[in-house]
Amino acid sequence: MATHKFIDLFAGIGGFRLGFEQHGFECVFSSENNKRVQQIYHANFGETPDGDITQISAESIPPFDVLLAGFPCQPFSVAGNRRGFEDTRGTLFFEIVRIVTHHRPKVIVLENVKNFKNHDKGNTFNTVITTLNDLGYQTSWEVFNAKDFGVPQSRERLIIIATLNGTKFDFSKIELKPPVVIKDILEEDSEDIKYLNDEDYTIIDNPKKQLSGIIFAGYKNKSEQFMAKNKDADLTCSGIHSQPHKINSSDGIQPTLMASETAGRYLIYHNGKVRKLTIKECFRMMGFPDDFKRVGSKAQLYASIGNSIVVPMVSAIAKQVKTQLLGNNINDNVSPPVGKTAIQPPSAKLRIATVFSGIGAVEYALKRMAVAHEVVFACDNGDVNIKTSDEEIREKLATLESYREQKEYIDSLYIGQKENQVKKSYLANYDLSEEHFHWNVNYLDGKQYTGQVDLFVGGSPCQ
């Protein structure tokens, strides 16, 4: 039986890969831009992921059945600024689209933070779903919590699964695991265990388990300045303390491990003492096996594990992807639905024309998304201005009958002036003859291009 192949994008330290390999899937390509994280990946899988995904051509990636991507979540996270697609990292989703458009994989599995679906009143999430639908994929999604997969951590993540064969993935069939608590995964004898001095913390009376399963047990003692500022505050309430100052009971579960917590200030109350979680315990809390090689500085390891995905959750998803979606009924050549033209299949060439073209941002975006296209004409005068008055030019144009005579006249008005650097840059980067790059939109008669343009784009000046 043929092995199902997958690619691992925004791979991190390989959490997605581990979960899918547990069910016989084969990784044929990986990409991760962080050099230090690449070292951890290489130590465990024997290969170094390719780097910047924006510099990887879709054609260079081997054929595959499943695309896995935990595309950068910081812009949509509570821990971040919630800037979403306004942040340049948000546009990395469209690198996924570029690869999907070329390869047409049978299944796409995407992971992001829970708040992704609510960003910008749902518009960001809807953009992702609509784009996948326009490519011909059936989409479904669900929010899962790591604590339901046998790890003692409250970590909610959104999973989106898109399928090309028209089958809707059934999340209800994913198998959950019995709950565990922090003390179930602790090391009892390790030189890495670091205890706090008794005078540095306060344990509250009668700590209560929250609905999440977390038990807030106490807090690191605060500075005099903090105490003066919050003299009327109830310090037994967990909400008043920042995460690095909270102490959680080992009889409950741990709040979300975060990539931003590079000092590993995860404090627990266990056997009457307060200590930090060790690196090994943090990896266990994400479901990584003890033989997983942890290379690099502690700061890098804490950041990497906080940015990873929970392996048992991935494994449960992989099992159902294989069972539900990769049977003999898969159609490898499903086309996008009729009428969906937001993203063209590679076989069709989109004919475009731009005015106020600049150096070609629109053209570059289409190239990056692997949308096959050709430029019919472009127009931009750069920072060069015609010295002849508009009235005089129009009078002259009225006397010229052919398009070529009119263009030669307009071009002659620029002779002796400085070079149009915008034009020079555009022609150096795009396959367009100089004849079809026009200087000034005011004098462009587009009749000669009638019927030749599918998409017209104009970034007109705002004044």
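A residue is called buried when its relative accessible area is under 20%, exposed when that area is over 50%, and partly exposed in between (1.4 Å probe, protein chains only). Helices (H or I, at least four residues) and strands (E, at least two) are DSSP runs, numbered from the N terminus. By these criteria helix α3 is mostly covered, with 9 of its 11 residues buried.

The model is predicted: local features need pLDDT of at least 70, side-chain atom pairs count only at pLDDT 80 or more, and totals for chains, interfaces and linings use all residues. Residues are numbered from 1 along each chain as its sequence is written, and side-chain values use heavy atoms, with hydrogens and water left out.

The term denotes a side-chain nitrogen of Lys or Arg within 4 Å of a carboxyl oxygen of Asp or Glu. E95 and R98 are 3 residues apart in α3 (residues 93-103), and therefore about one helical turn separates them. An α-helix has 3.6 residues a turn, so residues three or four places apart point the same way. Just after the helix, R104 adopts a positive phi of about 50 degrees.

In total, the structure holds 13 salt bridges. Another of them joins the side chains of E156 and K114, at 3.2 Å from N to O. Because E156 belongs to strand β6 (residues 156-163) and K114 to the loop between β4 (107-113) and α4 (123-134), this pair ties together parts that are 42 residues apart in sequence. Both partners are partly exposed: E156 has a relative accessibility of 33%, and K114 has a relative accessible area of 31%.

A further salt bridge links E281 with R275, whose closest N and O atoms are 2.8 Å apart. Here E281 is buried, at 0% relative accessibility, and R275 is buried as well, at 2%. Elsewhere, salt bridges that share partners join R17, E21 and E47 into one network.

The loop between β5 (138-145) and β6 contains S154. This serine counts as buried because its relative accessibility is 14%. Apart from neighbours within four places in sequence, S154 is in contact (heavy atoms within 4.5 Å) with N145, S212, I214, I253, Q254, P255 and T256.
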